[in-house]
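This report describes selected local features of one protein model. It covers backbone geometry, helix packing and the surroundings of individual residues.

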Amino acid sequence: MVYEFERTQRIAVLGGGPGGYEAALAGAQLGAEVTLVERAGVGGSAVLTDVVPSKSLIATAEASNAVKEAADLGVQFYAKGDADKAVKPKVAINLAAVNKRLLGLAAQQSDDMRRNLLDAGVHLVHGEGRLDGPNGVIVSTAKGGTDFDRIEADTIVISVGATPRVLPSAVPDGQRILTWTQLYNLQQVPEHLIVVGSGVTGAEFASAYRALGAKVTLISSRDQVLPGEDADAASVIEKVFTRNGMKVLNKSRAESVVRDGDEVVATLSDGREVRGSHCLMAVGSVPNTADLGLAEAGVQLAEGGHIRVNRVARTSMPNIYAAGDCTTFPPLASVASMQGRTAVFHAMGDIVNPPELRNITSNIFTQPEIATVGWTQRDIEEGVVPGVVYKLPLASNPRAKMMGIRDGFVKLFASNGSGSIIGGVIVAPKASELIFPLALAVEHRLTVDQFAEAFPVYPSLTGSLTDAARAMHVVR
């Protein structure tokens, strides 16, 4: 006898970013009838205007720096026939071509994700969506249109993301005063880019555009760049910034940014003026939760408009889940993806292992990069968790010497007594790749001795990880 099963669980996903995409795929995999509503394109802002294009731009900046620094490794550039007149190269950046390429990559990634959803059997709806009570989604097929469709759902997953915060005294015009989503319209490298905000986004773009040849002034309202990050890591980045010619204005708050012809003027709270050709406003983001019918559906919001969720991404309404930057969880694409999968697994009764947020890796794509996982040094110093700290400068690593790396370090945190690795910081080129062994160690509670028993390649940057672990050997 052959049994045929109908898809009885109806899931509506609002937003096709990393969280919504993974939720839709997971639902289809488990046999649900899934409808995904997306207004811009599959992948959302993470793929179309944020993570994919920004990291592609940073990759170009890294290539530019590699060419400039090649002479330090003995690689010389010269015109044919003038081998005795080797000079340090001048790198020209065709920003229009760079932006065309990275937007093309973003579109290609979005299309790949769209095809994956269609192949999985997900029904895609293009339009603006909002909740219609706890069991329905209303979709307008065009922005501001009058044609509406209602989608009935047993489970709803909200993954609508966030948009750049706009200050009334520094309103972006898309030409000279810009958000990070508008940078890709530039046809030439800015002569002088003022970056307001020294958090992750501000630091990443300041680093990239300085490498691309722009004069950069970074305005930070705090004592140093990257407030809230590991203090030693932030110190290294600020030192590299200033050594590379960036002007960093700490303890300086921009009160306003306005156009003045072909210039922009940033006025600081102490009355000073900073003039440049362009200004990037990197002052945070706001969740896209307004006018979604959340309150009417019984979904609770935090003070800043983010959706309150628990560890399985469930909201205050049992059948409504939320994922990504619109929630109270860390605004990382990896977190959004995890939330999307977890939400659907939980809603459909599958096995769920709620994540430990502290074990999530994060990375800042400056040059060098900063990668972190687990407890922080501040947690240890403030007595939140008992532990010991060991820091190993990257300059002592043989592979780093070969590569001409002079900035960065590896820092491990381990529990007192047991020696279990509870966290770490890596400041290095491609720290985003180097952090994974530490993430595994933290997740599986490996001791420094167990970690040190692994064999890294010699020579390699990962050798610094085991070197640090050996230095923290626990005497038994």
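In which loop is the place of P368? P368 is placed in the loop between β19 (362-364) and β20 (369-374). The model is a predicted one, and the values below are computed from its atoms.

**Backbone geometry**

The peptide bond that leads from Q367 to P368 is cis, its omega being near 0 degrees. P459 belongs to the loop between α12 (448-452) and α13 (463-471).

Two residues other than glycine adopt a positive phi: for L226 the angle is near 55 degrees, and for D291 it is about 60 degrees. L226 is in the loop between β11 (215-219) and α6 (231-243), whereas D291 is in the loop between β17 and β18. L226 is buried, since its relative accessible area of 1% falls under the 20% limit. D291 has a relative accessible area of 71% and is therefore exposed.

**Helix packing**

| Helix pair | Axis separation | Crossing angle |
|---|---|---|
| α3 (residues 51-68) and α4 (residues 95-120) | 9 Å | about 140 degrees |
| α1 (residues 18-29) and α7 (residues 333-347) | within 7 Å | roughly 30 degrees |

Helices α3 and α4 are oblique to each other, and their crossing is right-handed. On the α3 side the contact is made by V52, P53, S56, L57 and T60, and on the α4 side by L95, V98, N99, R101, L102, L105 and A106. By class, this contact comprises eight nonpolar, three polar and one charged residues.

Helices α1 and α7 are roughly parallel, because an angle under 35 degrees counts as such. The crossing of α1 and α7 is right-handed. P18, G19, E22, A23, A26 and G27 of α1 meet A333, A336, S337, G340, R341, V344 and F345 of α7. Seven nonpolar, four polar and two charged residues form this contact.

**Surroundings of individual residues**

Q339 also lies in helix α7. Q339 is buried, with a relative accessibility of 1%. Apart from neighbours within four places in sequence, Q339 is in contact with V309, A313, A322, A323, G324, T327 and F329.

R311 lies in the loop between β17 (285-287) and β18 (320-322), and its relative accessibility of 45% makes it partly exposed. With neighbours within four places in sequence left aside, R311 contacts F329, T342, P354, P355 and E356. R311 is 131 residues from V442 in sequence, with a C-alpha to C-alpha distance of 19 Å.

A439 is part of helix α11 (residues 436-443). A439 has a relative accessible area of 11% and is buried. Beyond neighbours within four places in sequence, A439 is in contact with T361 and V373. A439 and A469 are separated by 30 residues in sequence and by 14 Å between their C-alpha atoms.

Conventions: Residues are numbered from 1 along each chain as its sequence is written. This is a predicted model: local features need pLDDT of at least 70, side-chain atom pairs count only at pLDDT 80 or more; totals for chains, interfaces and linings use all residues. Side-chain values use heavy atoms; hydrogens and water are left out. Helices (H or I, at least four residues) and strands (E, at least two) are DSSP runs, numbered from the N terminus. Buried means under 20% relative accessible area, exposed over 50%, partly exposed in between (1.4 Å probe, protein chains only). Contact means heavy atoms within 4.5 Å. Axes are lines fitted to C-alpha atoms, for helices over the stretch in contact, and angles run from 0 to 180 degrees between N-to-C directions. Angles under 35 degrees count as roughly parallel, over 145 as roughly antiparallel, 65 to 115 as roughly perpendicular and the rest as oblique. A crossing is left-handed if the near helix is turned anticlockwise from the far one by less than a right angle, and right-handed if clockwise. Ala, Val, Leu, Ile, Met, Phe, Trp, Tyr, Cys and Pro count as nonpolar, Asp, Glu, Lys and Arg as charged, and the others, Gly among them, as polar.
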